[in-house]
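Thanks for coming. Please have the sequence and the structure open while I talk.

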Amino acid sequence: MATQHSRSAARLMMAPAVFVLLVWMLVPLGMTLWFSFRQYLPLRGGDLGFAGWDNYVRFVTSSSFWPSIYSTLIIVGGVLVITIFFGILLAMLLDQPMFGQGIVRILVIAPFFVMPTVSALVWKNMFMDPTNGLLAHLWRFFGADPVVWLSDVPLFSIVLIVSWQWLPFATLILLTAIQSLDSDQLEAAEMDGAPHLKRFWYIILPHLSRAITIVLLIQTIFLLSIFAEIFVTTGGAFGTRTLTYLIFQRVLESQNIGLGSAGGVYAIILANIVAIFLMRIVGKNLDT
Amino acid sequence: MGRITLEKVQKKFGETEVIPPLDLTIEDGEFVVFVGPSGCGKSTLLRLIAGLEDVSSGEIRIDGQPATDLPPAKRGLAMVFQSYALYPHMTVRKNIAFPMKMAGMDQAEQDRRIKKAADALNLTDYLDRRPGQLSGGQRQRVAIGRAIVREPAAFLFDEPLSNLDAALRVGMRLEISELHSRLETTMIYVTHDQVEAMTMADKIVVLRAGNIEQVGSPLELYREPRNVFVAGFIGSPKMNLMSGPAAQAHGAHTIGIRPEHLDVVESGGTFSGKVGVSEHLGSDTFFHVHVDAMEEPMTVRAGGEVGLRHGDMIHLEPQADKIHRFDEKGLRIA
C-alpha cells in the first residue's frame with residue numbers, strides 16, 4: 001500500500017476533508033481574533049475601528065471577570081467529582097449480574113439522550129420549584145421548609161443538573177472498563193488475602209485509571225462550555241455566571257462584539273491551561 | 001504442612017453436576033497432578049480446593065481442619081493462574097510483595113522474602129519492571145514468586161505452562177519440579193498435557209467428566225491402567241486399542257498394546273499391514289501401520305534409523321506380557 005503512488009493518491013483524497021476542517025476551525029478563530037482588536041458595537045455605530053488591547057484590558061478588569069472564572073471552575077470541578085465518584089459506584093453495581101440488567105442499563109444511560117435545555121427546564125420546574133417541585137414536596141413531607149434551590153444554592157443546583165446529565169457518560173465509559181478487567185486478577189488478589197475494599201483500591205481502581213482519565217478530559221472540555229443549563233435556570237444570576245455566559249452577555253446583552261471576542265480568546269487560553277494541566281497530571285496514565 | 005482431604009465433595013452449577021461426590025487425599029509434600037481432557041472438571045476441582053468456588057456438598061479439610069467454609073485467603077494456599085494474573089500496574093517487586101502487604105507483614109521481613117524469592121527465580125534484575133515488560137517465562141516466574149513468599153501450606157497450579165512455547169515449557173517444568181524438591185511443599189498441578197503429568201507428578205489423578213478414573217504414580221498408571229480411558233490417555237504416543245477377533249483371541253473385549261511394545265518381525269507376527277505416515281524423531285521413529293480389517297492405523301515405535309518406507313509391508317508381534325486386556329465395561333482384566 002505504501003507506494004509513492006498510493007500515498008499521493010491518499011493525500012489527494014484526504015485533502016477536501018482536511019480543507020473543510022481547517023476552514024471550519026480557522027475562519028471563526030481568525031474572526032474572533034480580528035474582532036477582539038476592534039471596537040465593534042452593532043447598535044451604537046457599528047465597527048468603530050481599531051481598539052488595540054483595550055478589549056482585553058476591559059474584559060479582565062471588569063468586576064465580573066474573576067467571579068466568572070470562579071464559578072466556571074466550581075461547576076466543572078463539582079460535576080467531575082460527582083460524576084466520577086457516582087460513575088464508579090454505578091458502574092460496579094451495573095457490572096453485577098441482576099434481573100433486568102439490559103433495561104436497567106438503558107435507563108441509566110437515558111439522561112444522556114435528553115437535550116440540555118430540556119433537562120434543565122425539567123429540573124427547574126418539576127424538581128426545584130419551591131412551591132410545586134418534587135423536592136419541595138419532599139421537604140414539606142418531612143416538615144422542613146422547601147429550599148429555594150436556584151437562588152439559595154444556585155451553583156450547587158447547576159452542578160446537580162449538569163451532573164445528572166453527565167453521569168451516564170461517565171458510568172458507560174467506566175462500566176466498559178470494569179468489564180475488561182481480567183477476573184483472574186481479582187481472584188488472585190482474593191487468594192492473596194485482599195478483602196473487598198482492598199481489592200477495589202489496589203486492583204479495580206488502578207485498572208480504571210485510564211478510563212477515569214478519559215472521562216476527566218472529555219468532560220472537562222465539554223463542561224467548560226456549558227451554557228443552556230445556566231441560560232434556562234438562573235440566567236446568569238446569583239453568581240452562576242460562568243466565563244462562557246459572561247461572553248454571551250457581553251456580545252448579546254451589551255452588544256459589544258469586540259469585548260466578547262476578547263473574552264472568547266481568554267476562554268481559549270483557559271481551556272488550554274486546564275487541558276495542559278490535566279494532561280500533566282493524568283497524561284502518564286495514558287501511556288503504557 | 002499441607003495434607004488436603006476431600007470427602008464426598010460435590011459441585012453443581014445449577015442442575016448440572018460438574019463433579020459427582022468424590023473422595024481424595026493429598027499427602028503432605030506430595031506433587032499431585034490432576035490430568036484429563038478439557039472440560040473434565042479438573043480446574044473446577046482445583047478452584048474448589050482454593051475456595052474460589054463453593055462446594056455444593058461434602059467437606060474439604062486442610063491439615064485436618066475443616067476448610068469448606070473458609071474464604072480463600074484463610075486456607076493458606078497459594079495459586080498460580082494460567083493467565084498468571086499479575087497486577088499490571090505494579091512492579092514485579094510490588095506484585096510479589098502484595099500478599100505479604102495484605103497480611104500486614106513488616107517491611108524488613110517482606111524485603112528479605114522478596115530477595116530470597118527473586119534469587120531463587122532469577123528475577124533480581126527485573127524487580128523494578130512491570131509485568132508488561134517481561135517475557136512469558138519471566139511472568140510465570142513472577143507469579144510463582146508471588147506464591148512462594150507466602151510460604152503456603154500448598155501450591156495450586158492451574159495449567160501454568162499452557163501459554164508458553166514448547167522450549168520454555170520444558171524449562172519451566174524442570175524449574176517447578178526443582179522448586180518442589182527444594183521446598184517440599186504440597187503442590188497440586190492441573191494440566192491437560194499427560195507429558196507434564198508423567199514427568200512431574202508423584203501422584204497422578206486422572207479425571208473424566210468429574211469422576212476420578214484412577215489415582216496412582218506415573219508408572220502405575222503406565223503399567224496398569226485401570227480402564228480403557230486411562231490406557232488411552234496416559235502414554236505418548238497413544239496406546240493402540242483394538243477390539244474384535246484380535247481381542248477375543250486374548251479372552252477380552254478390548255486389548256491395548258503400547259507402540260513401544262510392538263516388535264517388527266521378519267515374517268509371521270500377529271498383525272501385518274502397510275506402513276503409512278512415519279514420524280522421525282531421530283532417537284525413535286513412529287510408524288502408522290494400516291492393518292487389514294482395522295479402522296484405525298496402529299502406531300509402532302521403532303529405532304531411530306529403521307529403513308522402512310511408505311507403503312512397505314511389515315509384520316508386527318506384540319510383547320506377550322505387555323498386552324492390556326479390558327472387559328466390555330472397559331475395566332482392566334487382571
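B:Y84 is not a glycine, yet its phi is positive, about 70°. The peptide bond from B:S236 to B:P237 is cis, and its omega is near -5°. Why point these out? Because most residues other than glycine have a negative phi, and most peptide bonds are trans.

Some housekeeping. This is a predicted model, in which local features need pLDDT of at least 70 and side-chain atom pairs count only at pLDDT 80 or more, while totals for chains, interfaces and linings use all residues. Residues are numbered from 1 along each chain as its sequence is written, and chains are lettered from A and ligands numbered from 1 in the order in which they are written.

Now the records. For chain B, an unreviewed UniProt entry gives "domain: ABC transporter" for residues 4-234. UniProt positions are in the numbering used here, feature names are shortened, and annotations may be inferred rather than shown by experiment. In the model, residues 4-234 of chain B are 36% helix and 26% strand, with the end C-alpha atoms 25 Å apart.

For chain A, an unreviewed UniProt entry lists "domain: ABC transmembrane type-1" at residues 69-278. That span of chain A is 77% helix and 0% strand, and its end C-alpha atoms lie 17 Å apart. UniProt, again in an unreviewed entry, also marks "transmembrane region" on chain A, including residues 12-37 and 155-178. Residues 12-37 of chain A are 96% helix and 0% strand, with 37 Å between the end C-alpha atoms. Residues 155-178 of chain A are 100% helix and 0% strand, with 32 Å between the end C-alpha atoms.

What does chain A come to as a whole? Its secondary structure is 13 helices and two strands. Its C-alpha atoms fill a box of roughly 75 × 75 × 30 Å along the principal axes. Chain A has a radius of gyration of 24 Å, whereas a compact globule of 288 residues would have one near 19 Å. That radius is taken over C-alpha atoms, and the globule rule is 2.2 Å times the number of residues to the power 0.38.

Next, helix packing in chain A. The axes of α3 (residues 65-95) and α8 (residues 154-179) of chain A come within 6 Å and cross at roughly 40°. Axes are lines fitted to C-alpha atoms, for helices over the stretch in contact, and angles run from 0 to 180 degrees between N-to-C directions. The angle makes α3(A) oblique to α8(A); under 35 degrees counts as roughly parallel, over 145 as roughly antiparallel, 65 to 115 as roughly perpendicular and the rest as oblique. This crossing of α3(A) and α8(A) is right-handed, meaning that the near helix is turned clockwise from the far one by less than a right angle, with anticlockwise being left-handed. The contact of α3(A) with α8(A) has 21 nonpolar, seven polar and one charged residues. Here Ala, Val, Leu, Ile, Met, Phe, Trp, Tyr, Cys and Pro count as nonpolar, Asp, Glu, Lys and Arg as charged, and the others, Gly among them, as polar.

α3(A) also packs on α10(A), at about 145° with the axes 10 Å apart. Among the residues in that contact are A:I75 and A:V76 of α3(A), and A:L208 and A:I212 of α10(A). Contact means that C-beta atoms, placed from the backbone, lie within 7 Å. By class, this contact of α3(A) with α10(A) has eleven nonpolar, four polar and no charged residues.

Last, where do the chains meet? 14 residues of chain A are in contact with 16 residues of chain B. On the chain A side, α9 (183-191) and α10 (196-223) are the elements that give two or more residues. The largest share, six residues, comes from α9(A). By class, that side has five nonpolar, three polar and six charged residues.

α9(A) and α10(A) also touch each other: A:Q185, A:L186, A:A189 and A:E190 in α9(A) meet A:R199, A:Y202 and A:I203 in α10(A).

Key: Helices (H or I, at least four residues) and strands (E, at least two) are DSSP runs, numbered from the N terminus. Two residues are in contact if their C-beta atoms, placed from the backbone, lie within 7 Å.
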